[in-house]
Amino acid sequence: MHRHFISYVQGFQCGRRFACFAVFLLVVSVPPSNRIAYADQSPTEYQVKAAYLFNFLKFVDWPDDPAADPHGKWVIGFVGDTPIRDELVRLAEGKNVLGRELQVKQFQATDNLRGCNILFISESEKKRLPSILAALRGYSVLSVAEMDNFIGSGGMVQFVVQDARVRVTFDVGATGRAHLRVSSKLLALARAVTATAGSANN
């Protein structure tokens, strides 16, 4: 693990206690064959966001315990165009998560989005956001975006770039209502954790 990569990732920590976990969370996602690429440059914003999406699968519990089905696939879906998708495809190549294969899938806003474990909604879909979130209501799909006020609009996880670092904000009220339990270690890395009215993670 190159020192430039580690230095960049440490900007995610919310306290010294979690610095090592922050480094592990992202660096562990980078295939050994690709780590040399960071020898002369820090990871891009999109690479870091892709690493977060990849690791959300490890640090969020779904109600049906997907890890118990070794033949099933994790599905991370994307609505709209974003460079994060291509970075995630590269990151996930030849890898599995908790013994299961990962499928990265492109959707249209009008498709059935409920078969995803994670759905990333790009900025281009902002006008359709209310209908997309309404379609997911009642289903255990972790909704993620980088658009402004995503949490306020009913989303679960929002990427925020602060001081040239990618941070995350969680709404544990929204995740709780979807019967998703976010690891306390992951929440400790968050820029902010809110809890809108309703069930929350314990």
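This is a predicted model: local features need pLDDT of at least 70, side-chain atom pairs count only at pLDDT 80 or more; totals for chains, interfaces and linings use all residues.
**Ground rules.** I number residues from 1 along each chain as its sequence is written, and I leave out hydrogens and water, with side-chain values resting on heavy atoms.

**Confidence.** I looked up pLDDT (the predictor's confidence in each residue, from 0 to 100) and found a mean of 79 for the protein, with 73% of its residues at 70 or more. Over residues 1-39 the pLDDT is below 50, although this stretch has 78 contacts in the model beyond near neighbours in sequence; contact means heavy atoms within 4.5 Å.

**Helices α4 and α5.** I noted that α4 (residues 45-59) packs against α5 (residues 83-92) at an angle of about 60°, with the axes 8 Å apart. Helices here are DSSP runs of H or I of at least four residues, and strands are E runs of at least two. The pair is therefore oblique, a class left over once angles under 35 degrees (roughly parallel), over 145 (roughly antiparallel) and 65 to 115 (roughly perpendicular) are taken out. Among the residues making the contact I listed Tyr46, Leu53 and Phe54 of α4 and Ile84, Leu88 and Leu91 of α5.

**Asp61.** I placed Asp61 in strand β1 (residues 60-61) and read it as partly exposed because its relative accessibility is 47%, where buried is under 20%, exposed over 50% and partly exposed in between, with a 1.4 Å probe and protein chains only. Leaving aside neighbours within four places in sequence, I found Asp61 in contact with His179, Leu180 and Arg181.

Terms used:
Axes are lines fitted to C-alpha atoms, for helices over the stretch in contact, and angles run from 0 to 180 degrees between N-to-C directions.
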